[in-house]
Amino acid sequence: MARVTMVLLFVLYMINYADKTIAGYSAVQIMDEFGLSQKEWGLVGSSFFWFFSIAGILGAALSDRIGTKKMLAIMAISWTVVQFGAYAIASLPMLVLARVLLGIGEGPFWATVVSHLNKWFPEEKRGLVYSTVNFGAFVGAVASAPLLVAMIDQNGWRFAWAFMGALSLIWFLVWIWVGKEKPAIAVAVSQPASVEAPKAKWSEISKVMLSSTYIFCFLIYFGQIWGTTFAAVWEPVYLVKAIHLTNQQMAYSIAGTGLVAGLMTILISSIGDRLYKKHRSYRKSYVWVGGVSIILGGLFFYSVTWVQSTALVLIALCLGKGFAFSVGTASSVIVSSLMPARTGLLVGVMSSLVTLAGIISPLVTGSIVQAAGDVAVGFGHAMSLNALIFVVFGVLFLLFAKRNEGKIEITSPISNRIEN
């Protein structure tokens, strides 16, 4: 049943990220239909994250109370309602409202998934498990690109959005029938099943959140979300407007580079797991792997600004995404170990607040591209900014995500491994 659970969450993550990125695939058609400028499209991309953080925190806390199975079901059915509502969209404000509502519905997703998986898998397997489920995001975002772009070209963007709503409805029905809250026999997770952890006090929770480990896990994850939002909102536009690919060429390029990048994230996360099994130290495993990965991702993003051929641009983007977009897994593994009794809340706060990057990134990119006058030059500046964020946050993560100051007594010795 653990594998079935992982597969179902993998599929749901496919739907989740396809929902996010379908707006990017629809960008050219929507901008033409409503006469939107680069800045206005940046506003649409940003609007998805306006209330994402608040919904994520509240939803993650709620999932700790009502159960993660119910919370996942609630989210899936909410996506169905919003995506079918595409047929009612007739103006820019309604388009923004639709993305805001979808953002609210998706806000608690990753924290709820992490909390649910922790019930089914032991600590030493979580890096690989998280990254495998996270690979669903890459599959949903990119493998679906040719299908969704063809659907948009042939039937219009509203039909494609409603199609995504139908997929989440099907998943909801399967989940209600098959999904389970937790295994019948307790998994050996962060503490022995026979010992019931006392309720965490707010003073203990705040101590964890103010620790250097938590803060720099947040920053490196912030960097990833900055990049993934750029990829979801602007990469299709960049490939069509600056690299001059056709819509179908763009779709296949995103599919190919994204799948390779997703496989890279699984490999990188499995390296973190192996190092953890060897050293039993988060510092010598997930911290080093995460920090080095995002720095390499930044270097490859920067290389996009000076390579000449289309093939080299796609290779650089592929490697940049593969390295930089793997760090959310490392952050989640580390943070979920800090206070196992409140994993939903801690990961929820982090994964919700990092979406501030999702609000800022599309707006900043849109302003940079429009101010440059030349689309290619503007995207070059945006790529350089992405690279700078990745490298700076990666260096800070390597330097400071290493202390035990965030640990509290209710965690077990197994999870007390973030060390100098």
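The model is predicted, and the residues are numbered from 1 along the chain as its sequence is written. On the surface there is a patch of positive charge and also a nonpolar patch of about 790 Å², while helix α3 is mostly covered.

**The positive patch**

- The residues that gather in the patch of positive charge on the surface are R3, K125, R274 and K277.
- One of these residues, K125, sits in the loop that runs between α7 (109-118) and α8 (126-143).

**The nonpolar patch**

- About 790 Å² of nonpolar surface is made by L43, W50, F51, I54, L58, L97, L101, I104 and L363.
- Two helices, α4 (52-66) and α6 (92-106), each supply at least two residues of this nonpolar patch, and it is α6 that gives the most, with three residues.
- I54, which is one of the residues making the nonpolar patch, is found in helix α4.

**The mostly covered helix α3**

- Helix α3 spans residues 38-47, and seven of its 10 residues are buried, so the helix is described as mostly covered.
- The residues of α3 that count as buried are Q38, W41, G42, V44, G45, S46 and S47.
- These buried residues of α3 pack against several other helices, namely α1 (2-25), α2 (27-34), α6, α12 (212-233) and α19 (356-372).

- Q83 lies in helix α5, which covers residues 68-84, and because its relative accessibility is 2%, Q83 counts as buried.
- When the neighbours within four places in sequence are left aside, Q83 is in contact with D19, I22, L102, W161, A162, M164 and G165.
- S281 is placed in the loop between α14 (247-279) and α15 (283-303), and because its relative accessibility is 1%, S281 counts as buried even though its place is in a loop.
- Although S281 and K402 are 121 residues apart in sequence, their C-alpha atoms are 9.8 Å apart in space.

How values were computed:
Predicted model: local features only at pLDDT ≥ 70, side-chain atom pairs only at ≥ 80, totals over all residues. Heavy atoms only, no water. Patch = residues over 30% accessible without salt bridge, like charges linked within 9 Å, V, L, I, M, F, W, Y side chains within 5 Å. Areas by Shrake-Rupley, 256 points an atom, 1.4 Å probe, with all protein chains shown as cover. Salt bridge = Lys/Arg side-chain N within 4 Å of Asp/Glu carboxyl O. Lys, Arg positive; Asp, Glu negative; His and termini not counted. Charge placed at Lys NZ, Arg CZ, Asp CG, Glu CD. Helix = DSSP H or I, 4+ residues; strand = E, 2+ residues; numbered from the N terminus. Buried < 20%, exposed > 50% of the residue type's maximum accessible area, 1.4 Å probe, protein only. Contact = heavy atoms within 4.5 Å.
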